[in-house]
Amino acid sequence: QLQLVESGGGLVRPGDSLRLSCLVSGGLLSDYAIGWFRQDPGMGQKGVACIKMNGSPDYSQAVYGRFTISRDTSKNTVYLQMNDLKPEDTSVYYCAADRKHSFCTSNMDYWGNGTRVTVSS
């Protein structure tokens, strides 16, 4: 059973940076597509960034150019570097993994419990 544990959330000001981490146990990163999702109040989870099985990244339009997803296979950890944060980035961020596809979908098999990011002046 794959387990994912997110960390790194917090309260920051607009323009600041944060790095989220997703520690994966029970499997190898290269066997999964792993993505970051966020859930805004009253809305479903939306994909933010994905690192596909082959290691190539995808980003939502909302974060393109500001966020960077990466993985460290030696630490079995996926990171989300978030720069130039905006108030609209405020949300709970979830890490999710799936091996049915080589890319991220809304129907990921495994989910972490989330880490909260608040961007406010």
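Select Asp84 to begin. Asp84 is partly exposed, at a relative accessible area of 37%. The cut-offs explain the label: partly exposed lies between buried, under 20%, and exposed, over 50%. This is a predicted model, and each stop below is a place in that prediction.

Stay on Asp84 and look at its backbone. Its phi is near 50°, a positive value in a residue that is not glycine. Most residues other than glycine have a negative phi. As for its place in the chain, Asp84 is in the loop between β8 and β9.

Next, select Asn76. Asn76 also is not a glycine and has a positive phi, about 50°. Which loop holds Asn76? The loop between β7 (67-72) and β8 (77-82). Is Asn76 buried or exposed? Asn76 has a relative accessible area of 15% and is therefore buried, since buried means under 20%.

Now show the cysteines. How many disulfides does a search of the whole structure find? The search finds two. With the bonded cysteines counted along the chain, the pattern is 1-3, 2-4.

Select Cys22 and Cys95 for one of the disulfides. Cys22 is joined to Cys95, with an S to S distance of 2.0 Å. Strand β3 (residues 18-25) holds Cys22 and strand β9 (residues 91-98) holds Cys95, so this pair ties together parts 73 residues apart in sequence. Turn the view to look at the S-S bond of Cys22 and Cys95: the torsion about the bond is about -80°, so the disulfide is left-handed. Both Cys22 and Cys95 are buried.

Move to Cys50 and Cys104. These residues form a disulfide with their sulfur atoms 2.1 Å apart. Cys50 is in strand β5 (residues 45-51), while Cys104 is in the loop between β9 and β10 (110-111), so the pair ties together parts 54 residues apart in sequence. Is the disulfide of Cys50 and Cys104 left-handed or right-handed? The torsion about the S-S bond of Cys50 and Cys104 is about 85°, so this disulfide is right-handed.

Switch to a cartoon view of the whole protein chain. The chain has eleven strands and zero helices. Follow the chain from the N terminus and the elements read β-β-β-β-β-β-β-β-β-β-β.

Along its principal axes the trace spans about 40 × 30 × 25 Å. Why does the protein chain agree with a compact globule? A compact globule of 121 residues would have a radius of gyration near 14 Å, and the protein chain has 13 Å, which agrees.

Now colour the residues by burial. Of the 121 residues in the protein chain, 41% are buried. Then consider contacts between residues at least 6 apart in sequence: 57% of these contacts join residues at least 24 apart.

Show the surface next. The accessible surface of the protein chain is about 6200 Å², and carbon and sulfur atoms account for 46% of that area.

The protein chain has 12 positive and 11 negative side chains. How far apart do the centres of the two sets lie? The distance between the centres is 1 Å.

Definitions and conventions:
Residues are numbered from 1 along each chain as its sequence is written. This is a predicted model: local features need pLDDT of at least 70, side-chain atom pairs count only at pLDDT 80 or more; totals for chains, interfaces and linings use all residues. Side-chain values use heavy atoms; hydrogens and water are left out. Helices (H or I, at least four residues) and strands (E, at least two) are DSSP runs, numbered from the N terminus. The radius of gyration is taken over C-alpha atoms; the globule rule is 2.2 Å times the number of residues to the power 0.38. Buried means under 20% relative accessible area, exposed over 50%, partly exposed in between (1.4 Å probe, protein chains only). Contact means heavy atoms within 4.5 Å. Accessible areas come from the Shrake-Rupley method with a 1.4 Å probe; for residues, only the protein chains shown count as cover. Lys and Arg count as positive and Asp and Glu as negative; His and the chain ends are not counted. The place of a charge is taken as NZ of Lys, CZ of Arg, CG of Asp or CD of Glu. A disulfide is a pair of cysteine sulfur atoms within 2.5 Å.
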